[in-house]
Amino acid sequence: MTKQLSVLGSTGSIGVNALNVVRSYPDHFQLKYLSAQSKADLLIEQAHEFSPKAVVIGDESQFKTVRSALPAIEVLKGREGLLELASRDDVSTMLNGIVGSAGMEPTILSIRAGVDVALSNKESLVMAGDLINRLLLEKGVNLFPVDSEHSAIWQCLTGEAKEDIKRLIITGSGGPFRTLPWEQFNKITVAEALNHPNWSMGKKISIDSATMMNKGLEVIEAYWLFDLPVEKINIVIHPQSIIHSMVEFVDGSVKAQLGLPDMKIPIQYALSYPRHLQQDWEQLDLAEIGSLTFEKPDLEKFKCIQLAFDALEAGGSQPVVLNVANEEAVYRFLKEEIPFTAIPEMITKAIKAHDFLEHPDLDDILALEKWTQAFIQRS
Ligand code: MG
């Protein structure tokens with residue numbers, strides 16, 4: 001049976017890979033909705049190829065271009081258009097490939113509409129994990145992880161009982177500065193930070209990988225996805241990015257999921273679950289790779305990891321501020337307004353300065369998002 005899909009963020013790195021998957025299985029998947037923030041040309045090209053029912057262009061200045069290029073398709077615009085599309089209930093799965101906190105509300109709206117979500121936007125769970133989990137239960141909706149580490153854990157947990165889990169072991173490559181001495185961190189340039197050794201990704205997540213905030217956010221994401229206490233979630237550095245994560249059980253048995261670092265694999269699995277679909281992608285050749293190595297994360301150099309653990313322990317509004325402050329600081333670093341080392345410093349300041357809320361609702365979270373953005377912009 002054909003699965004009707006909505007792909008939000010279709011012109012980003014995740015979206016383009018998702019469309020590669022859809023293209024190879026036209027009998028399995030049909031694209032009904034697409035959204036892009038600013039890449040109008042690519043959105044138009046995608047719409048010509050896949051003939052969706054509607055598209056959204058986030059950047060309103062490009063609406064006329066998209067509108068006139070796609071006369072037979074419904075075209076919406078701006079944030080409002082995106083939220084409207086995310087609320088539609090005539091698809092079975094929404095793949096959320098939107099970057100950053102902007103992806104949170106679309107996740108919530110799709111769940112409210114009774115639509116399963118394939119989630120690449122980890123920020124949704126970091127900011128609103130509690131709210132999202134309650135909505136999933138209420139609506140009987142599934143959340144399928146796209147993040148490679150969480151896809152790995154999900155696959156390792158298939159057929160297992162929760163009581164048998166000793167801990168989750170999230171792997172991370174360590175990013176481009178794993179071996180760089182701390183004394184040189186203040187000289188890190190944008191180009192160096194964007195140059196990830198293994199994964200080809202968008203700019204925001206590449207910087208998050210360089211600061212290792214990405215791993216911290218993934219710990220919070222795992223907490224909400226797998227409902228385990230924070231003590232049972234560990235990080236290990238694995239520079240080759242072949243083992244995507246592991247689960248250790250109470251008898252000492254450890255299961256791992258392996259693969260080449262290619263996001264098409266976890267994207268496809270989130271869409272094809274519980275089946276694996278045949279693909280002739282480049283194969284994993286372990287003899288060629290030779291050795292897989294592991295080390296402890298350096299919490300002194302990568303301060304963002306500890307900040308994320310602390311925010312998760314504090315709970316409430318703290319992960320919201322952590323996430324938004326990080327995002328804004330990353331954008332300021334990308335604009336060369338602040339040094340690399342200022343990112344964790346600014347996050348720490350924002351967390352200290354905010355008015356803590358134990359149980360923020362959606363309006364509280366949106367208000368905190370605005371407050372935090374303004375705080376980092378004037379810091
Ligand atoms: Mg990941």
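**Metal site.** I started with the magnesium ion and found it coordinated by D147 (OD), E149 (OE) and E218 (OE), at 2.1 to 2.2 Å. Donors here are N, O and S atoms within 2.8 Å of the metal (3.2 Å for Na, K and Ca), and water is not among the atoms, so sites may look incomplete. Along the sequence I read the donor spacing as D-x1-E-x68-E. E149 sits in helix 7 (residues 148-156) and E218 in helix 10 (residues 213-226), so this pair ties together parts that are 69 residues apart in sequence. I took helices (H or I, at least four residues) and strands (E, at least two) as DSSP runs, numbered from the N terminus.

**Ground rules.** Before going further, I noted that this is a predicted model, where local features need pLDDT of at least 70 and side-chain atom pairs count only at pLDDT 80 or more, while totals for chains, interfaces and linings use all residues. Residues are numbered from 1 along each chain as its sequence is written, and side-chain values use heavy atoms, with hydrogens and water left out.

**Salt bridges.** What does E149 pair with in a salt bridge? I found K215, at 2.8 Å from N to O. E149 belongs to helix 7 and K215 to helix 10, so this pair links parts that are 66 residues apart in sequence. My rule was a side-chain nitrogen of Lys or Arg within 4 Å of a carboxyl oxygen of Asp or Glu, and by it the count comes to 21 salt bridges.

**Two domains.** The domain assignment, which is automatic or from a database, gives me domain 1 (3-145) and domain 2 (161-260 + 293-314). Their contact (heavy atoms within 4.5 Å) takes eleven residues from domain 1 and twelve from domain 2. I noted 27 Å between the C-alpha centres of the two domains.

How much area do domain 1 and domain 2 bury between them? I got about 1000 Å², 67% of it on carbon and sulfur atoms; this is the accessible area (1.4 Å probe) that two parts lose on being put together, summed over both. On the domain 1 side, K122, L125 and V126 lose the most area to domain 2, together 50% of what that side buries.

I counted two salt bridges between the domains. E123 also forms a salt bridge with K204, with the closest N and O atoms 3.0 Å apart. The elements giving two or more residues to the domain 1 side of the contact are helix 6 (122-139) and strand 7 (143-145). Helix 6 gives the most, with seven residues.

Most residues other than glycine have a negative phi, and most peptide bonds are trans. I found the Y273 to P274 bond to be cis, with omega near 5°, and P274 in the loop between helix 11 (264-272) and helix 12 (286-289). S241 is not a glycine, yet has a positive phi of about 50°. I placed S241 in the loop between strand 9 (233-237) and strand 10 (243-249).
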